[in-house]
Amino acid sequence: MKFPGLRLRRLRENPLLRHLLEEHRLAVHDLIQPLFIKEGLTGRREISSMPGQYQFSPNEALSEAGRIHALGIPAIILFGVPGKKDFTGKIAMAKNGVVQKAIRSIKNKYSKLLVVTDVCLCEHLSHGHCGHIKNKKIMNDISLKTLAEVALSYARAGADVLAPSDMMDGRVTAIRQKLDKNNFEHTPILSYAVKYASGFYGPFREAAESTPTFGDRSSYQMNPPNSNEALREAKTDLEEGADFILVKPALSYLDVICRVKERFGCPVGAYAVSGEYAMMKAASMKGWIDLKKVVLETHVSMKRAGADFIVTYWSKEIAKWLR
Ligand code: PBG
C-alpha cells in the first residue's frame, strides 16, 4: 500500500491509540536513584552544580531513602563521602565506614528497597583516583585487592548488588572470587563494564568530592570515540562473572547501549550521569526547555536504545510525573 491509501498519520491522531501503540515505555520500576551520603554532615547540602540534588547526612539519607521508596522507585545506588580520606583504602572497607553504616540502616528500615553500592576508591582515597597510585601511575593489580575487600565489606553490611565502577582490568574476577569465598555467591555484580572518560562527570565529582588531585582518568576509563572496545569490555566483564552491566554516560552513548544489548542480550542499564542532569536542569531553570518533556523523552530514548533500567538523578521527578 502506498499514499494515499497508506497514511502513517492515521495512527497518530487519537491519543489513546497513540499510547496503545507505544513501542517503548518508561516506568517507575526502571529507575535507580543515586544517593550521596556524607559522613559528619548535619542535614543536607545542595550540590551547587546539580540544583535539586544533595549530599545527605547519614540520618537524612535514611529519610530520603524512605521518600524514594514511598514513590515506588525500586532501587538506590549509594555513594559515600567519608569524613577523612587516606591512601590505603582502609577507610573504604571499614566495618563502620559511611557506606557500610548507611547500608545497614537503610536495609534495616526499608528491607524492600534494593540497595546497590558503587564500588570504587576515588571517593575514599586522598588523591581522588579510582585505584592505588605509584609514581603518579594507577596500579591495576594491587587495586584489585582493595576493591575486592571493599566489595566484601558492602556485602557483609547487607548490600543487595555491588557495582564496581573503577575500570581496573580484572576487578570482576577479583570481586567474584572474594565474594564466593565468603559465602556471598548469590550477591550479584552490576559491572560498569562500559564507562567512558567523560566530561559529563564534573558535577558528580563535586557531589562525591572525588576530583583527582592530578591528571585525569583517561588511562583507565574508555576513550569516547570507541565502540568496538565497548564490546570487548562488556565481553570480558561478562566472562569474568558480571551478572549485568552498565553503560555510562547515557545520552552520548545510545549507540553503545544498542550494540551491547544486541550482541550479548544480557541485562543492560544506562547511567544518565551528573552532567546530563546539570544540562537539563540549567536549561529548564533558564526557561529554555520544557523539563518534563525533555526528561521523559531522553529517558525513553535510553529504553529504546536497549536499556532495561536507568540510573538517573531524575528518578523522583519521573516517578511523580508517571503517577
Ligand atoms: C566513581 C564514579 C563516577 C561516577 C559514578 N561512579 C565518577 C568518575 O568516574 O569520576 C559518575 C556518575 C555521574 O557523573 O553521575 N568512579
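Modeller: In this predicted model, one surface patch carries positive charge.

Biologist: Which residues form the positive surface patch?

Modeller: One member, Arg10, is found in the segment before helix H1 (15–20). A patch residue must have over 30% relative accessible area, and Arg10 has 49%. The positive surface patch is formed by Arg7, Arg9, Arg10 and Arg12.

Biologist: Is Leu8 buried or exposed?

Modeller: Leu8 is placed in the segment before H1. Its relative accessible area is 59%. Exposed means over 50% relative accessible area, so Leu8 is exposed.

Biologist: What is the area of the nonpolar surface patch made by Met1, Leu6 and Leu8?

Modeller: Leu8 belongs to this patch together with Met1 and Leu6. For Leu8, the relative accessible area is 59%, and the cut-off for patch residues is over 30%. The nonpolar patch has an area of about 380 Å².

Biologist: How far from Asp86 is the nearest side chain of opposite charge?

Modeller: Asp86 lies in the loop between strand S4 (75–81) and helix H3 (90–93). Asp86 is buried yet has no salt bridge; a salt bridge requires a nitrogen-to-oxygen approach within 4 Å. The nearest side chain of opposite charge belongs to Lys90, at 7.2 Å.

Note on methods:
Residues are numbered from 1 along each chain as its sequence is written. This is a predicted model: local features need pLDDT of at least 70, side-chain atom pairs count only at pLDDT 80 or more; totals for chains, interfaces and linings use all residues. Side-chain values use heavy atoms; hydrogens and water are left out. Patches are made of residues with over 30% relative accessible area and no salt bridge: like charges are joined within 9 Å, nonpolar side chains (Val, Leu, Ile, Met, Phe, Trp, Tyr) within 5 Å. Accessible areas come from the Shrake-Rupley method with a 1.4 Å probe; for residues, only the protein chains shown count as cover. Lys and Arg count as positive and Asp and Glu as negative; His and the chain ends are not counted. The place of a charge is taken as NZ of Lys, CZ of Arg, CG of Asp or CD of Glu. Helices (H or I, at least four residues) and strands (E, at least two) are DSSP runs, numbered from the N terminus. Buried means under 20% relative accessible area, exposed over 50%, partly exposed in between (1.4 Å probe, protein chains only).
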